[in-house]
Amino acid sequence: MSPINLFRAELHVHTVLSPCAEVEMIPPLIIQEAMDLGINLLAITDHNATANIEAVIKAARGSGIHIFPGMELQSHEEVHLLCLFDSLDQIRSMQIQVDKTMPGLQNNPDYFGEQFVVDSTGDFIRREESMLLASSSLSIKQACDLVSDLGGLLIPAHVNRKAFGLLPTLGFIPEELSCNQVMEISRHISAEKALLEYPQLSGKTLIQSGDVHRLSEFLGVNYFHLEKPSIHELSLAFSNLDGRDFAINQPNL
């Protein structure tokens, strides 16, 4: 049996492709900040978009940091969903399907912010002209089915947050998510308080992310014991199976 290793994770990180992210969120600075904090698992999850993931993966080479390709999908119900995968091929397939469901609006950078595609050094390649801060026509159920079919992991994002959070938006956990064990809470609430405010979360595994839009927002409070970084290993850890486990080391709130 291979040894079980400790990983410190930030599973909700935006780059300059997300219009609400700061211009400092370029691949080399993301990787350097993670290294400085001892974070060795990252998920890159831009809004409805994936064009900067490969650049971050290239920037991470030799750093000891593993990158999960991901996306923060905005569903038809205006709920944010983290969609995490093992490979670029999987996330590219996800992007193809999501692109078919977007409204096709043009971004207004003066209002929403710029959407930059960059290379591994952070140098400008192009602007993404389509408006990314928009809802896909994919329902939560359709998103769950798509991510599952592609072999990924879906985690409802910042479920306690008023803007695009599952529970304030819908008021309940829909049936299609009833088997979803893992829910993300925002940086502004403890797991204990989240359970008090939202009894629907009882029995769920809660992760906590910085929802990183600027370098100062890294939390890195998710700790995993895994054989190796993979979606399968994350699933084992969330279920405390086969020597894998997961815990939040809560910050002072």
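Ala, Val, Leu, Ile, Met, Phe, Trp, Tyr, Cys and Pro count here as nonpolar, Asp, Glu, Lys and Arg as charged, and the others, Gly among them, as polar. With these classes in hand, the lining of the largest pocket can be described as holding 7 nonpolar, 6 polar and 3 charged residues. The structure is a predicted model, and the values that follow are computed from it.

**Pockets**

The largest pocket has a volume of about 280 Å³. Among the 16 residues that line the largest pocket, those closest to its centre are Cys144, Leu153, Leu154, Cys179 and Asn180. Two or more residues of this lining come from each of α5 (140-149), β7 (153-156) and α8 (231-238), and α5 gives the most, with 5 residues.

The second largest pocket contains about 230 Å³ of space. It is also lined by 16 residues, of which Gln95, Asp99, Glu128, Ser130 and Leu132 are the closest to its centre. By class, the lining of the second largest pocket divides into 8 nonpolar, 5 polar and 3 charged residues.

In soluble globular proteins, nonpolar side chains tend to be buried together. In this model the largest nonpolar core has 53 residues, and Leu42, Leu73 and Met94 are the ones that touch the most other members. The element that gives the most to this core is α5, with 5 residues. A second, separate core has 20 residues, including Ala9, Leu234, Ala237 and Phe246.

Helix α8 is mostly covered, since 6 of its 8 residues are buried. The buried residues of α8 are Ile231, Glu233, Leu234, Leu236, Ala237 and Phe238, and two of these, Leu234 and Ala237, are also named in the second core. After α8 comes asparagine 240, whose phi is positive, near 55 degrees.

Histidine 12 is found in strand β1. Because its relative accessible area is 0%, histidine 12 counts as buried. Leaving aside neighbours within four places in sequence, histidine 12 is in contact with Ala43, Thr45, Glu72, Leu82, Ala157, His158, Glu184, Ser209, Asp211 and Val212.

Serine 18 is placed in the loop between β1 (5-13) and α1 (27-37), and its relative accessibility of 0% means that serine 18 also counts as buried. Not counting residues up to four places away in sequence, serine 18 touches Asp46, His47 and Glu114. Although serine 18 and histidine 213 are 195 residues apart along the chain, their C-alpha atoms are separated by 8.3 Å.

Histidine 80 has its place in strand β4 (residues 80-84). With a relative accessibility of 3%, under the 20% limit, histidine 80 is therefore counted as buried. Leaving aside neighbours within four places in sequence, histidine 80 is in contact with His47, Glu72, Leu73, Gln74, Pro156, Ala157, His158, Arg161 and Phe164.

| Side chain | Partner side chain | Separation |
|---|---|---|
| Histidine 12 | Aspartate 211 | 2.8 Å |
| Histidine 12 | Histidine 14 | 3.3 Å |
| Serine 18 | Histidine 14 | 2.9 Å |
| Histidine 80 | Glutamate 72 | 2.9 Å |

Histidine 158, which lies in the loop between β7 and α6 (166-170), has a positive phi of about 30 degrees although it is not a glycine. Phenylalanine 164 is found in the loop between β7 and α6 as well, and has a positive phi of about 70 degrees, again without being a glycine.

Is each of these residues buried or partly exposed? Histidine 158 counts as buried because its relative accessibility is 2%, whereas phenylalanine 164, at 28% relative accessibility, counts as partly exposed. Both histidine 158 and phenylalanine 164 are among the residues in contact with histidine 80, and histidine 158 is also one of the contacts of histidine 12.

Key. Residues are numbered from 1 along each chain as its sequence is written. This is a predicted model: local features need pLDDT of at least 70, side-chain atom pairs count only at pLDDT 80 or more; totals for chains, interfaces and linings use all residues. Side-chain values use heavy atoms; hydrogens and water are left out. On a 1 Å grid over the protein atoms alone, a cavity is a set of points where a 1.4 Å probe fits but cannot get out, and a pocket is an open set with protein on both sides within 12 Å along at least five of seven lines; lining residues have an atom within 4 Å of a point. Grid points are joined across faces, edges and corners, and a volume is the space filled by probe spheres set on the points. Helices (H or I, at least four residues) and strands (E, at least two) are DSSP runs, numbered from the N terminus. Buried means under 20% relative accessible area, exposed over 50%, partly exposed in between (1.4 Å probe, protein chains only). Contact means heavy atoms within 4.5 Å. A polar contact is a pair of N or O atoms within 3.5 Å; within protein, one must be able to donate a hydrogen and the other to accept it, and residues adjacent in sequence count only if both atoms are side-chain atoms. A nonpolar core is a set of buried Ala, Val, Leu, Ile, Met, Phe, Trp, Tyr and Cys residues joined through side-chain atoms within 4.5 Å.
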